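The exercises below ask for careful reading of helix packing, loop positions and backbone angles. Each task sentence is followed by a solution that goes step by step.

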Amino acid sequence: MTIKDNLENIKSTLPDHVTLVAVSKTKPVSDILEAYEAGQRVFGENKIQEMASKYEELPKDIEWHMIGHVQRNKVKYMGSFVHLIHGVDSLKLLEEINKQALKHSRIINCLLQIKIASEDSKFGMTPNDAKALLQSIDFSELKNIKVTGVMGMATFTNDHEQIENEFKLLKSTFDNLSSLTSENCELQTISMGMSGDYKLAIDCGSTMVRVGSSIFGARNYS
Ligand SMILES: *Cc1c(COP(=O)(O)O)cnc(C)c1O
């Protein structure tokens with residue numbers, strides 16, 4: 001199966017309201033171009049410098065999504081071009097993104113990462129902390145960011161029921177927060193689901209799936 005075949009198979013199963021983020025981390029520019037030539041325009045990376053160097057080399061109509069954990073001191077490397085940052089988990093990080101967006105006269109869209117997994121290794125805010133953040137005065141003063149949704153990662157497990165419960169928690173958190181509409185907050189996106197669980201995630205309300213290995217093949221980290 002080629003990258004194009006994989007993409008077409010996956011896209012044929014996605015409802016119209018679901019966006020496919022092709023996760024190209026660790027993969028070469030040639031693989032991304034193959035997906036691009038098959039029509040894919042949305043790509044996700046989890047390391048800022050890797051994403052920035054791919055951005056330099058590739059066509060400029062690609063939408064780059066940062067899906068990994070973001071270190072504040074590296075936001076500057078993506079401030080000029082990043083389309084959506086999925087893993088925002090603090091006001092401090094939002095403030096840095098706002099500062100870098102302002103430098104480039106842009107508004108950068110962000111998702112709040114909610115901790116839905118039981119594993120300690122996963123990042124994210126509690127639903128209550130997310131709510132408090134969105135209601136704070138400090139947040140209302142950030143004019144160069146916009147919070148457009150939530151993101152979550154389920155526990156790494158084969159327990160289907162546990163994953164389903166975690167996805168449902170993200171959906172209910174989204175529903176609970178979505179009344180908090182303001183100039184820099186309008187929740188419309190639920191980013192959840194990866195190669196192994198994106199169908200379940202869509203059944204639970206996902207509007208954006210992040211799929212890597214099912215498109216590009218297994219990753220080699222060595
Ligand atoms: C790597 C990664 C994915 C894609 O994982 P696959 O199992 O290869 O589809 C999705 N989301 C995040 C945050 C990732 O880091």
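**Exercise 1.** Within how many Å do the axes of helix α5 (residues 127-135) and helix α7 (residues 160-177) come, and at roughly what angle do they cross?

Solution. The model is a predicted one, in which local features need pLDDT of at least 70 and side-chain atom pairs count only at pLDDT 80 or more, whereas totals for chains, interfaces and linings use all residues. Residues are numbered from 1 along each chain as its sequence is written, and side-chain values use heavy atoms, with hydrogens and water left out.

Step 1: the helices are DSSP runs of H or I with at least four residues, strands are runs of E with at least two, and both are numbered from the N terminus. Axes are lines fitted to C-alpha atoms, for helices over the stretch in contact, and angles run from 0 to 180 degrees between N-to-C directions.

Step 2: the axes of α5 and α7 come within 11 Å and cross at roughly 25 degrees. That makes α5 roughly parallel to α7, given that angles under 35 degrees count as roughly parallel, over 145 as roughly antiparallel, 65 to 115 as roughly perpendicular and the rest as oblique.

Step 3: α5 passes α7 in a right-handed crossing, where right-handed says that the near helix is turned clockwise from the far one by less than a right angle, and left-handed that it is turned anticlockwise. The contact (heavy atoms within 4.5 Å) is made by P127, A130, K131 and L134 of α5 together with T173, N176 and L177 of α7.

**Exercise 2.** Determine how α1 is placed against α2, and which residues make the contact.

Solution. Step 1: the axes of α1 (residues 3-13) and α2 (residues 29-37) come within 9 Å and cross at roughly 50 degrees. The two helices are therefore oblique to each other, and their crossing is right-handed.

Step 1: on the α1 side the contact is made by I3, K4 and L7, and on the α2 side by D31, E34 and A35.

**Exercise 3.** Describe the place of K25 and T26, and say whether each is buried or exposed or in between.

Solution. Step 1: K25 is in the loop between β1 (19-23) and α2, and T26 lies in the loop between β1 and α2 as well.

Step 1: at 15% relative accessibility K25 counts as buried, while T26, at 33%, counts as partly exposed; buried means under 20% relative accessible area, exposed over 50% and partly exposed in between, with a 1.4 Å probe and protein chains only.

Step 2: leaving aside neighbours within four places in sequence, K25 is in contact with G44, E45, N46, E50, K54, R219 and Y221. In an unreviewed entry, UniProt places the feature "modified residue: N6-(pyridoxal phosphate)lysine" at K25.

Step 3: phi of T26 is near 70 degrees, a positive value in a residue other than glycine.

**Exercise 4.** Find the loop that holds S105, and state its phi and its exposure class.

Solution. Step 1: S105 is in the loop between α4 (91-103) and β5 (108-113). Step 2: although S105 is not a glycine, S105 has a positive phi of about 50 degrees. Step 3: at 69% relative accessibility, S105 counts as exposed.

Notes: UniProt positions renumbered as here; feature names shortened; annotations may be inferred.
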